[in-house]
Amino acid sequence: MKIGTPLASNATKVLMLGGGELGKEVIIELQRLGVETIVCDRYEGAPAMQVAHRSYVFDMLDGEKIRHCLDTEEPDLIVPEIEAINTSVLADYKQNLVPSYKAISLTMNREGIREQAVDLNLRVSGYQFAHSLSELESAVAAVGYPCVVKPIMSSSGKGQSVIRGDQDIQTAWSHSQEDGRVTDCKVIIEEFIEFDYELTLLTIRHRDGISFCSPIRHLQIDGDYRYSWQPADCNATVLAECQRMAEAIVTELTSVPDDGIGYGVFGVELFVRGDTVYFSEISPRPHDTGLVTLVSQEQSEFALHAKAILGLPITGTQVLTPGASAALVLSSENENPFAYDIAEIVQAGCEVRLFGKPTIIGKRRMGVVLATNDDPIRALIDATIGAEKLRQFQE
Ligand SMILES: Nc1ncnc2c1ncn2[C@@H]1O[C@H](COP(=O)(O)OP(=O)(O)OP(=O)(O)O)[C@@H](O)[C@H]1O
Ligand SMILES: [Mg+2]
């Protein structure tokens, strides 16, 4: 694809559905390449909107509004940035869809992607589905304690809890129904894997095949990413198994003819215990734990995504300097805008990315602190100290 001139009649237009912090970085990369960018989200001033040429505000679950916007803009590429999208409408726009209709529709629902993984013989935790409290009780009995309950339509740990005994079942059910993406939601019950560590393997499907970044390690709190570092210290057997699984699922999600453009970055989430690797889930887009690549790789996951979807060759996927990221998660009781005092952290050699989200509703990821060091664990400590200082400055 040749890149036209933005805002001219031959512009190469990318339209993003959802405009969070990960999308913001992708838009910045597309802007650098002279792409015309349009961002849609449910609220004014979403991070990616702030760096795009134009934006639209509407609910991404509203299929008619999506259709109207796509018909008005006629973008060359449609990039879903969140899972909570009315995907059925996108079936009519497959030829422009990133990365593919199959990838977008299966990953928005834990049931779809789990069954796909099982079809491919990827090792997964034991699991059951349930659609009511009584089904949950039988499912828990089948999976055993401890187990993890998650609404099939949810992300960032929302509605998720660990069941350790009979006494937790009722609470887990209520939580799954109150905090998921939709009401009356089916849940998955997964065997709790006592993993040694978990990884994200950024996998890029591009015009010349598949490439991998160095694995990223991360720590999650309440099912939500807080810290990540790269490269992860894992042995060759584990790495080979991670890559085998990632290649199998990414290939499967992108190989249906006429189902999308077929290119892009995927975040493959894996659990590792000894030399055994479990597939957990996959994002058909850059991954939040991959924010570390803003400092650790020659090309960040966002630059790689921008290039892959434009059909460009992919280089610079490896770690240049080991690095780490720590999410800046803040909470607030009111809607007053924040001011951030970052001088001391920058002075200490860290990078800070503030997402520019207009308000905090409850608890929200507002930025990330990044650090590099020959030792990624040292970088992790520096990033963590930076994020903690920044958090305390707000109090
Ligand atoms: N079966 C499991 N066994 C052990 N830990 C688990 C299991 N499932 C999830 N977890 C823990 O919870 C985290 C979040 O789970 P998962 O990725 O399925 O949720 P999510 O809501 O999709 O989160 P995100 O959108 O941030 O990826 C995992 O990264 C892992 O730390
Ligand atoms: Mg996850």
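**A helix pair and a sheet**

Guide: Helix H6 (residues 133-143) and helix H7 (residues 169-179) have axes that come within 10 Å and cross at roughly 125°. Axes here are lines fitted to C-alpha atoms, for helices over the stretch in contact, with angles from 0 to 180 degrees between N-to-C directions; helices are DSSP runs (H or I, at least four residues), strands likewise (E, at least two), numbered from the N terminus. That angle makes H6 oblique to H7, since under 35 degrees counts as roughly parallel, over 145 as roughly antiparallel, 65 to 115 as roughly perpendicular and the rest as oblique. Leu133, Leu136, Glu137 and Val140 of H6 meet Ile169, Gln170 and Trp173 of H7 (contact: C-beta atoms, placed from the backbone, within 7 Å).

By the way, this is a predicted model: local features need pLDDT of at least 70, side-chain atom pairs count only at pLDDT 80 or more, and totals for chains, interfaces and linings use all residues. Residues are numbered from 1 along each chain as its sequence is written, with chains lettered from A and ligands numbered from 1 in the order written.

Now the sheet: four strands, open, ordered E3-E2-E1-E4 with parallel pairing (pairing takes at least two DSSP bridges). E3 (54-57) and E4 (77-80) are the edge strands, each with a single partner, so one side of each has no neighbour in the sheet. E1 (residues 13-17) pairs with E4 over four bridges, and Leu15 has Ile78 in E4 as its bridge partner. Helix H2 (residues 63-73) packs on the sheet, touching E1, E2 (36-41), E3 and E4.

Definitions and conventions
Two residues are in contact if their C-beta atoms, placed from the backbone, lie within 7 Å.
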